[in-house]
Amino acid sequence: MFVGHYSVAFAAKSDRNKIPLWVLFIAVQFLDYIWATLVLLGIEKLHVIKGFTAGSMLDSYFHPYSHSLIAAVIWSVVAALIYKAICGRHGRHYSKSAPLIIGVAVFSHWLLDLIAHPRDLAIYDNTWKVGCGLWNYREPEFALEIALLAGGIILYLTRNAMPAIRKGAVIAFGIGLVIVQIGDTYVPRTPLTDKTTVTGVWVFYTLFVLVAFAVEKIGATTKNHSP
Ligand SMILES: [Zn+2]
């Protein structure tokens, strides 16, 4: 699962919880950020194999600290607590449910990965591996990614009041993510090394976070503090 994860970020944002979209973009990929970091450190292991599944080259044969079910639950709680602590410290107004929403957004990553991944997601440690393996079926997996993303964006546009110019930017962003997914699923490429692959994960995910940040600034009314 790739851009489908962002459907949860778009769907979770509302005028009530006021969680910035870019924060939700980090939350839904929080487990992959940890995974990419641990692979870079040589703690978790990855093989990049051409044709490993129809829709992905990633053989994540050892990722218990980022992608086991127990780890996913723990990281979800940690992320919720971090969000609560940061909002509290900065005296930022946030709804009571916001930390819970962050936790659920982080955990959604594991559930969506469960649909796509082959049986490489451990329940705990590196054992009892599960995965529905939708990545073995390229078109259905691609269709699911796009359908989820579209659904999330539609919810985002209906639940949040915004100027027309930002609506346009959100839709353009969505189209951009679809193009990235087309490239990932359909454009043939030679497998990169494990470290280069996860560096790419860091770079692309962070780029999307920055775009999510910028999009929510578009058309925002600037408060004029006159002396
Ligand atoms: Zn993942």
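Are Y6 and F208 buried or exposed? Both Y6 and F208 are buried, and we come back to them in one of the views below. Keep in mind throughout that this is a predicted model.

**View 1. The whole chain, before zooming in.**
Here's the overall layout: nine helices and four strands make up the secondary structure of the chain. Reading from the N terminus, the elements go α-α-α-β-β-α-α-α-β-β-α-α-α. Along the principal axes, the C-alpha atoms fill a box of roughly 60 × 35 × 25 Å. A compact globule of 227 residues would have a radius of gyration near 17 Å, and the chain comes in at 18 Å, so the two agree. Of those 227 residues, 44% are buried.

Zooming in on the metal, we find the zinc ion coordinated by D32 (OD), H67 (NE2), H109 (NE2) and D113 (OD), at 2.1 to 2.2 Å. What is the geometry of the site? The site is irregular, with angles of 86 to 170 degrees among the four donor atoms. For reference, the ideal angle for four tetrahedral donors is 109.5 degrees.

**View 2. Where the zinc donors sit in the sequence and the fold.**
Written as a pattern, the donor spacing is D-x34-H-x41-H-x3-D. D32 belongs to helix α3 (residues 30-40) and H67 to helix α4 (residues 64-67), so this pair ties together parts that are 35 residues apart in sequence. How accessible is D32? D32 has a relative accessible area of 6%, so it counts as buried. H67 is buried too, at 2% relative accessibility.

**View 3. The β1–β2 hairpin.**
Strand β1 (residues 45-53) and strand β2 (residues 56-62) run antiparallel and are joined by four bridges. With two residues between them, β1 and β2 form a hairpin. To get your bearings, look for K45, which stands opposite F62 in β2.

Y6 lies in helix α1 (residues 5-12) and F208 in helix α9 (residues 194-215), so the pair ties together parts that are 202 residues apart in sequence. As promised, both Y6 and F208 are buried. They also belong to one aromatic cluster, whose members include F2, F10, F25, Y33, Y156 and W202.

**View 4. Y124 and W128, another aromatic pair.**
Y124 and W128 are also edge-to-face, with 5.6 Å centre to centre and 85 degrees between the planes. W128 reaches 61%, so it counts as exposed.

C87 is buried, at 3% relative accessibility, while C132 is exposed, at 59%.

Definitions and conventions
Residues are numbered from 1 along each chain as its sequence is written. This is a predicted model: local features need pLDDT of at least 70, side-chain atom pairs count only at pLDDT 80 or more; totals for chains, interfaces and linings use all residues. Side-chain values use heavy atoms; hydrogens and water are left out. Donors are N, O and S atoms within 2.8 Å of the metal (3.2 Å for Na, K and Ca); water is not among the atoms, so sites may look incomplete. Four donors count as tetrahedral if all angles lie between 85 and 135 degrees; four count as square planar and six as octahedral if opposite donors are over 155 degrees apart and all others between 65 and 115; anything else is irregular. Buried means under 20% relative accessible area, exposed over 50%, partly exposed in between (1.4 Å probe, protein chains only). Two strands pair if DSSP finds at least two bridges between them. Rings of Phe, Tyr and Trp (its six-membered ring) pair if their centres lie within 6.5 Å; planes under 30 degrees apart count as stacked, over 60 as edge-to-face and the rest as tilted. The radius of gyration is taken over C-alpha atoms; the globule rule is 2.2 Å times the number of residues to the power 0.38.
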